[in-house]
Protein chains: 2
Amino acid sequence: MTIRIETLDAFFNPRSVAIVGASSNFAKIGGRPVHNMKIAGYGGRIYPVNPGAAEIQGLPAFPGIADIPGAVDMAVIVVPMPHVEAAVTACIEKGVKAAIVLSSGFAEISEEGAQAQRRLADLGTEGGLRIMGPNCMGVMNTGTGMIATFISAIGDRGPERGTISVAAQSGAFGGHCFTLARERGLGLNLWATMGNQCDVEFSDCLAYMAQDPGTRVVLGYMEGVQDAEKLVEALEIARAAKKPVVLMKVGRSEVGTAAAASHTASLTGSDAVFDALLRQYNVFRPHSIDEMFDVGYAFAGGLLPKSAKTGIVTVSGGVGVIMADAAEDAGLELPPLPEATQQRMKALVPFAGTRNPLDVTAQFINDATLMETMYGALLKEGDYASAVCFLAGVGLNPLMMKELEPSLDAVRRRFPDHLHMLAILTTPERRARLQAMGYLCYEDPSRAIHALGVLAWYAEALRRGPSAPPPDLPAGAPELNAGTAINEVEGKRILAAAGVPAVPERLAASAAEAAAAATAAGFPVVMKIVSADILHKSEIGGVILNVATKEAAGQAYRDLLARAAAHAPDARIDGVLVAPMVSGGVETIMGVVRDPVFGPVVMFGLGGIFVEVLKDVTFRIAPFGIDEAHRMIREVRGYPMLEGVRGAPPADEEALAGALARLSTFAAINADVLETIDINPFIVLPKGEGALAVDALISVLEAAGG
Amino acid sequence: MTIRIETLDAFFNPRSVAIVGASSNFAKIGGRPVHNMKIAGYGGRIYPVNPGAAEIQGLPAFPGIADIPGAVDMAVIVVPMPHVEAAVTACIEKGVKAAIVLSSGFAEISEEGAQAQRRLADLGTEGGLRIMGPNCMGVMNTGTGMIATFISAIGDRGPERGTISVAAQSGAFGGHCFTLARERGLGLNLWATMGNQCDVEFSDCLAYMAQDPGTRVVLGYMEGVQDAEKLVEALEIARAAKKPVVLMKVGRSEVGTAAAASHTASLTGSDAVFDALLRQYNVFRPHSIDEMFDVGYAFAGGLLPKSAKTGIVTVSGGVGVIMADAAEDAGLELPPLPEATQQRMKALVPFAGTRNPLDVTAQFINDATLMETMYGALLKEGDYASAVCFLAGVGLNPLMMKELEPSLDAVRRRFPDHLHMLAILTTPERRARLQAMGYLCYEDPSRAIHALGVLAWYAEALRRGPSAPPPDLPAGAPELNAGTAINEVEGKRILAAAGVPAVPERLAASAAEAAAAATAAGFPVVMKIVSADILHKSEIGGVILNVATKEAAGQAYRDLLARAAAHAPDARIDGVLVAPMVSGGVETIMGVVRDPVFGPVVMFGLGGIFVEVLKDVTFRIAPFGIDEAHRMIREVRGYPMLEGVRGAPPADEEALAGALARLSTFAAINADVLETIDINPFIVLPKGEGALAVDALISVLEAAGG
């Protein structure tokens, strides 16, 4: 299924809403949506549907949806579970475009409920009705006052309008986001919860919000992936729209994954793969709700820093150091102020710290204009794209703030293109005023710095522009067929033909052939017995290294056959492999695994202990381009090995990246039949000398019905 | 200098306080301490000293400190810098025991100021007066209302009393802690800022607070270490008193360290070493101010969990998963509920998650007693020492809370020995009520879990009890002398005698000696040329491995001498080293470095790329016992190498730990003369077979005057 944005519009921008099962009691689930839309000033038509009432909350009510005189864009269904199917059918007959089923009692309860849910989905598909839910908490558009939800947190005032949109698979989580946004004074734009996702999924809502002009950032929450292609499509829409996504995906840990699996029916897949997907699409993945909102709030400001260079202004030298520590963790740069600026600052405040952080000291209490002077000089003369200013508890002191606010306002006006953050303890009212000046306000300085780091990371991804497309394979690259066993020699030949270089090898069937193959390969060569029945070659002496002459090659052939005969008399021998010895270079491994959710996934790591002891590997969903391959290579902790350690020359990273990207294309093209590819080792030679697979194993799925 | 707790008592528990430079204007620095003590109800005598006033803020004032009729325990000095010295002299003459110098203009400003500060220190030492400051923000004891500070945040109400004490080197940071504690509704006990630390240091205050019975946790803030021994003494006092310390030490990053160095005159030393010290003393080191207060608040409750096993109760399955993820990060365990309990819970709420997290679902809204039933069953039937319950925004709903509070109160009463945490959005009033019931309340569930993890970590350290003492060295262990070059052979002999096993070696001066030595060592042996003039032995062929016979040993001797003569004809040759070949085992490195602050520090890491590429090393300040050595070994990422990978047997960790601990004793005993020890490699053989140094270099300091 692909995402059809236009069919979702009726959920977020309906001109008329019917509430099926509306109640006069606005504390009840059926009463709340009517009440919420009324207090939020929804401008479209509200049609309460209830066969037992002529009027509901001051609005004329209708016995059935068919009785509504005009067109109905959307219906909110709140009737008990056994009546939902009839309501959906009535919606279809009425020509309603979208239905939100708030009622529960479906797949979350029982197999019977799951069946009923599938029937709803089928009805909707046949009747051209999009369905959100069942068992969800509904949808909001704060801009139009369309508050189609029963969450109680709405209270007596409508939600604050803003630029943050929230898409939450879980209604409880969505409700909590609503409350948190209100507690933090953050305005929302669109809000949706998908519940059991019988039709509309998380990915649909994410995509809709990403392309919505009123949304500056999407906060997403998901537990599992129903349809991987749709998720990727949604992420592509967000990337194309340059709309930041902050996506909480739960189930990172073992217990967490088990809990997530028991909590939803979604496939969870490998968390490492999911993580890689988010990196591929520049999506920020928070690990706590606080972090989600800290970062979402920063994005909602709509300004991104033009570089990672940050100036820190502080009224406490010690907190300046804490912020410098946090900046390093956050990937920000703190270049020092120019020497001349530093000297001028020292002249103003003799015991100021002037490098960066710039410590104004408590002197600003005596002279509030110092803040303007020093903060202003920092931005004018330092090469910074952003500033974070720590003001401690000054925000709680009305007298001091009266002096300070004009200074802060002036600096912000002078430098409108810089990103300005304050770390300040203050009242909600004063925070709102500082925000209106253009300051992002945090209480904790480290959290401000962390959010700024995420903005800088995202801005850098935008500057980088779209990733290179996955490379084409060389002409004549072979395709894999299901059900065909591929031996080592063939595997390497296939990979080489697909542009993943491999050691050239020949299979010799006689001593003479071995000698000829060795001569052709160039000495020294390595020779190995090849037999599907002998798995651990080295243990039976089935590998001979450093064969240096033609004669030795012939002898080695005979020795290998003799050893095989002695240790495994019944083994069928395919021959003896002859290949040039590869010496030097850095040992890496790469491979393809089949993720249950995302299909073929490319893995990369350094060889030996890096993989075996440190599990130092990284993933990308296939296919990807060469710049993504470079990022992948640089993610592993062992990356310095490729730069050259112990006097070793730098390795041919370009060749490695090219091989990884082509492997990803090959995996994607053969996704239907490919089971795994395991290339170990893949030797990366010194820069300019290339890289090649020394051992490789391709396995394909069994043929259908085979 | 050692810590003299009894001399500090006058700062925290004075019966009378003179304010030298007191002002009638309570907005002024000289007026605030008087005002603050009055509003906080200080029960001792307050003596304002000001030659120009007969009465200050309703209290009789005195022209000089000598004019005060009774005894004065403590003086707060607020006069301008040029008058401070005279005030201190007057204090000494009056027999005052403690003086807090709030005045600034000393070492933080100029060399002249630094000299004046040293004079103050000398005066105090000679006159038996302890001095806090100068340039500090003073001291508080909220229990007695002794608020000897001018921080403006005190405002019109005195500080809240509580069990958290704060020791902050920086006055600005101390002031911010005060404000933050108030904003978070946390009560303080003692509070002190040390400023320029001319006499009383951070360590003094930390030690005083740690032994103070009214203090449950000390929040510390430091930028650098003045006196390492005193800091260690303070940490020992805290450890002996089983008083948790949450210590913010700034300057983790490169820029941060530079900023810290420019901000204070303190030595910073290596941050990795400081970090190790804190681990050695079970001190928690937060990285942000929020984290500092999150953890400090949890400790202030005074209850520690009896194990790391935690039960999670949630009203949102999704947030339960976030909490499970956080629990894994925090080192907590989430064992599942017994099967029978799970079935009973399912019967209560069919779509509840019942494993652990226990998801009560939104059903508790309809039936608040469900919370009591399910939360109670979790603690009664599950094997948990603590519970964290996520209640979303329910705390903002008065109706729901009215139903829920009796349930929460009942559960807490039934299980008073468990640690109970709530993650809840609520009002300050309601939070206070929940806290009074015995709940630790957080807004963010991940932050609650993180704080719980720190409590469990600390509780585990307490259960472990005191560390084993550093081992004694074998009888006759040699002592090092300054100014003596130690060659490789001697170095290993010294280490072996000190209980750090090393390859037994002999230095042969002839082919016949070499042959005899090889025979004695047992074949095969390795032979190396020994000359202070030949540094890179292997490059000139100066190492011969695998010498297998007596004859080969004689020949190897001659070959080595010939190679040396050919490549370095002028080199003075000490002889040829003969040692048994060590094969197998895991390569590690250990050493001793001299930290500018903490003196000898033992380093440990796995050999090869673990050190060279991954910088995977860990430190401990010497000396330490064998259990600390085991913890050190298990800290490195490469630890699995010692457990055995690729089918290798587990290594002799006991022998390794013993060697590390004895090396630490040896380093501590020789701290005065030792420069570095570098043991690389130190081979750890399979379990039961021991471990030994293969190469080692000891260097000592030059002799004094040498």
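View 1. In strand 13 of chain B, Leu247(B) has Gly220(B) standing opposite. The model is predicted: local features need pLDDT of at least 70, side-chain atom pairs count only at pLDDT 80 or more, and totals for chains, interfaces and linings use all residues. Residues are numbered from 1 along each chain as its sequence is written, chains are lettered from A in the order in which they are written, and side-chain values use heavy atoms, with hydrogens and water left out. Strand 12 (residues 217-222) of chain B pairs with strand 13 of chain B in the parallel sense over 5 bridges. Strands are DSSP runs of E with at least two residues, helices are runs of H or I with at least four, and both are numbered from the N terminus; two strands pair if DSSP finds at least two bridges between them. The open sheet has 6 strands in the order 9-8-11-10-12-13 (chain B), and its pairing is mixed. Strand 9 (146-148) and strand 13 (245-249) of chain B are at the edges with a single partner strand each, so one side of each has no neighbour in the sheet.

View 2. Strand 20 (residues 525-530) of chain B pairs with strand 21 of chain B in the antiparallel sense over 3 bridges. Lys528(B) is placed opposite Val543(B) in strand 21 of chain B.

**View 3. The contact between chain A and chain B.** Each side is counted by contact (heavy atoms within 4.5 Å): 67 residues come from chain A and 67 residues from chain B. About 5100 Å² is buried between chain A and chain B, and carbon and sulfur atoms give 66% of this area. Buried area is the accessible area (1.4 Å probe) that two parts lose on being put together, summed over both.

**View 4. A salt bridge between the chains.** The rule finds 2 salt bridges across the interface of chain A and chain B. A salt bridge is a side-chain nitrogen of Lys or Arg within 4 Å of a carboxyl oxygen of Asp or Glu. Arg447(A) forms one with Asp290(B), the closest N and O atoms being 2.6 Å apart.
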